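Here is a short briefing on one helix and on aromatic ring contacts. Look over the sequence and the structure before reading on.

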Amino acid sequence: MAFFIPMNVGPFVISCSSKKIQGTDEYKLQPRRSGILSSKEEATRRQLLAVGFASPLVSLLTYSYNLTVLPAQAEDQEIQDKDESVVGAIKSLFDPNETTKSGKILPKAYLQSAREVVKTLRESLNEDPKDMSKFRRTADAAKESIREYLGGWRGQKSVVNEESYVMLEKAIRSLASFYSKAGPSATLPEQVKSEILDDLNKAEEEL
């Protein structure tokens with residue numbers, strides 16, 4: 001005869017069956033396998049639970065890493081770019097030279113002075129001579145920039161062979177030559193004006 005006895009062992013409930021030993025009055029308890037796992041089965045169960053728990057955790061960490069670390073890297077790169085920009089601006093501020101549109105490295109002071117001549121002389125040539133107040137104002141500005149340019153850079157070996165210097169020298173000579181012959185109050189002919197403006201444009205391309 002066999003009957004079942006429930007046994008509480010820790011958190012597990014084990015069902016056992018009782019079977020009489022032949023030739024005696026004793027009964028032998030036989031645990032039922034359906035109530036408890038073997039050590040190998042238990043290890044397998046724990047691995048499956050661990051994998052099931054770890055998978056969403058790994059996915060969560062990966063997702064969070066993409067959201068938090070990558071923006072941090074982008075932010076670091078942005079800060080680095082700003083730092084390099086600031087350093088470059090400081091170096092440019094104290095650098096006596098500058099790279100021109102044509103790729104040449106020339107003294108910054110020369111380029112600033114030459115550009116001012118191009119700007120003021122062009123404005124003076126394009127001004128309507130009938131508006132005497134504006135015409136005189138632009139003409140005075142042009143004369144001042146030419147005076148400073150010639151006083152600082154005329155005949156300087158560092159720039160005398162540059163195309164911009166040659167073109168500006170040509171434009172200034174053409175203007176001076178005309179007024180020396182026609183007088184300071186003479187009206188500049190369109191042909192002479194066009195030639196001088198063309199020389200200014202060529203000079204500007206090299207600055």
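Buried means under 20% relative accessible area, exposed over 50%, and partly exposed in between, with a 1.4 Å probe and protein chains only. By that cut-off, Tyr110 and Trp153 are both buried. This is a predicted model: local features need pLDDT of at least 70, side-chain atom pairs count only at pLDDT 80 or more, and totals for chains, interfaces and linings use all residues. Residues are numbered from 1 along each chain as its sequence is written, and side-chain values use heavy atoms, with hydrogens and water left out.

**Aromatic pairs**
- Rings of Phe, Tyr and Trp (its six-membered ring) pair if their centres lie within 6.5 Å; planes under 30 degrees apart count as stacked, over 60 as edge-to-face and the rest as tilted.
- The structure holds 4 aromatic pairs.
- One of them joins Tyr110 and Trp153 edge-to-face, at 5.5 Å centre to centre and 75° between the planes.
- That pair links distant parts of the chain: Tyr110 sits in helix α2 and Trp153 in helix α3 (residues 132–153), 43 residues apart.
- Phe178 and Tyr179 also pair edge-to-face, at 5.1 Å centre to centre and 70° between the planes.
- Phe178 is buried, with a relative accessible area of 15%.
- Tyr179 counts as partly exposed, at 25% relative accessibility.
- Ring pairs link Tyr110, Tyr149, Trp153 and Tyr165 into a cluster.

**Helix α2**
- Helices (H or I, at least four residues) and strands (E, at least two) are DSSP runs, numbered from the N terminus.
- Buried residues in α2 include Leu111, Val117, Leu121 and Leu125.
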